[in-house]
Amino acid sequence: MLTQIINGKILTPQGWLKDGSVLMQDNKILEVTNCDLAIVGAKLIDAKGMYIVPGGVEIHVHGGGGRDFMEGSEDAFRAAVHAHMVHGTTSIFPTLSSSTIPMIRAAAATTEKLMAEPDSPVLGLHLEGHYFNLKMAGGQMPENIKNPDPEEYIPLLEETHCIKRWDAAPELPGAMQFGKYITSKGVLAAVGHTQAEYEDIRTAYEVGYSHATHFYNAMPGFHKRREYKYEGTVESIYLIDDMTVEVVADGIHVPPTILRLVYKIKGVERTCLITDALACAASDSQVAFDPRVIIEDGVCKLADRSALAGSIATMDRLIRTMVQKADIPLADAVRMASETPARIMGVYDRKGSLQRGKDADIMVLDKDLNVRAVWAMGKLVDGTNKLF
């Protein structure tokens with residue numbers, strides 16, 4: 001069926017388009033045009049002057065709707081994915097916190113099943129750990145953390161095809177071999193939960209680590225040891241121009257002033273927005289998968305308040321935070337939620353922007369940046385029909 005969305009401000013790669021329309025048929029964008037004349041036979045959607053933007057590409061999310069991806073079950077995956085789609089996420093890379101190998105295998109099997117379905121929003125699995133620096137574990141389960149082990153990761157990547165990203169601390173023994181191996185398999189290598197300084201980060205970048213996990217969180221900045229000063233992981237990543245970063249843009253994990261600094265230094269093309277959301281996001285649940293975690297002040301924390309442990313954010317909140325608190329232009333905030341993560345994960349050929357031939361992943365935001373409609377692969381997401 002042909003659908004035409006008119007009467008909105010359309011974000012295109014060339015900028016905002018007014019008085020135009022988006023045409024979609026089946027699961028693809030047929031055309032983005034500056035003509036808003038109704039097309040015969042098309043179902044007409046009036047965007048009522050609102051913003052028509054690409055759907056969000058979520059590359060770091062642990063759960064939602066009361067369910068966690070660590071559960072590994074199809075039921076949990078479907079519930080969590082849908083909970084985020086209602087808030088504007090149209091492509092998703094389910095994320096596992098540091099897990100056991102049986103947990104990873106269970107989640108991989110579910111991911112592969114969902115990826116095989118027509119028009120699936122699930123694009124691959126993201127493993128956040130378990131090869132981390134124990135001193136920077138934060139909300140990760142310490143009993144699962146260890147050094148990179150080729151007897152684990154080689155068989156996992158040989159027997160699965162859904163792992164698209166894997167995070168590690170580059171200062172660990174074996175981390176460089178790990179980075180080389182996974183990138184040779186087409187997996188994005190990211191640095192995270194680390195105490196790495198410049199030489200570690202530089203070497204890691206040279207062997208293939210190209211991305212930073214929840215930038216500023218679980219990594220040190222500029223610091224002193226006795227009388228001497230040292231660059232932290234943060235400054236080291238800033239110094240490597242081509243390293244991309246992701247930020248938990250809930251306004252709590254990283255304060256708005258620092259969100260603005262990241263935007264100023266790394267820019268739109270190298271900064272993407274993530275929720276890092278736990279099961280309690282997009283739900284009435286007050287319970288996280290990890291029993292040590294509490295919800296307080298609009299964020300997840302360890303109960304002893306020693307560390308943040310994830311967010312309860314959704315895609316629309318990330319965009320609102322960037323615009324309303326960090327004072328970043330809406331077009332740039334949306335690009336960091338769609339275009340940049342799509343580029344980082346190698347799916348920009350079909351996701352991340354409103355262009356002819358791309359997947360019909362579209363979000364409509366009102367003037368307060370609340371979600372009013374979401375189409376994923378051309379289908380209106382249940383619960384988002386607030387335009388009608």
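Strand β23 (residues 362–365) runs antiparallel to β24, and 4 bridges join the two. This is a predicted model in which local features need pLDDT of at least 70, side-chain atom pairs count only at pLDDT 80 or more, and totals for chains, interfaces and linings use all residues. Residues are numbered from 1 along each chain as its sequence is written, and side-chain values use heavy atoms, with hydrogens and water left out. Strands (E, at least two residues) and helices (H or I, at least four) are DSSP runs, numbered from the N terminus. Two strands count as paired if DSSP finds at least two bridges between them.

Strand β20 (residues 293–296) and β21 are antiparallel and are joined by 4 bridges. The bridge partner of I295 in β21 is C300. These strands form a hairpin with 2 residues between them, where D297 in the turn has a positive phi of about 60°.

Strand β21 (residues 299–302) points V299 and K301 one way and C300 and L302 the other way, and all are buried. With strand β22 (residues 308–310), β21 pairs in the antiparallel sense over 2 bridges. In that pairing K301 stands opposite L308. The hairpin of β21 and β22 has 5 residues between the strands, and R305 takes a positive phi near 60°.

## Salt bridges

Side chains of opposite charge can pair when their charged atoms come close. A salt bridge is counted where a side-chain nitrogen of Lys or Arg is within 4 Å of a carboxyl oxygen of Asp or Glu. By this rule the count comes to 31 salt bridges. One of them joins the side chains of E296 and K301, at 2.7 Å from N to O. E296 is partly exposed, with a relative accessible area of 24%, whereas K301 counts as buried at 12%.

Another salt bridge is formed by D349 and R350, whose closest N and O atoms are 3.7 Å apart. D349 is exposed, with a relative accessible area of 58%, and R350 is partly exposed at 32%.

## The pair D361 and K351

D361 forms a salt bridge with K351, the closest N and O atoms being 2.9 Å apart. Both residues lie in the loop between α10 (339–344) and β23, so the pair ties together parts that are 10 residues apart in sequence. D361 and K351 are both buried. A network of salt bridges links K28, K351, D359 and D361.

Definitions and conventions
Buried means under 20% relative accessible area, exposed over 50%, partly exposed in between (1.4 Å probe, protein chains only).
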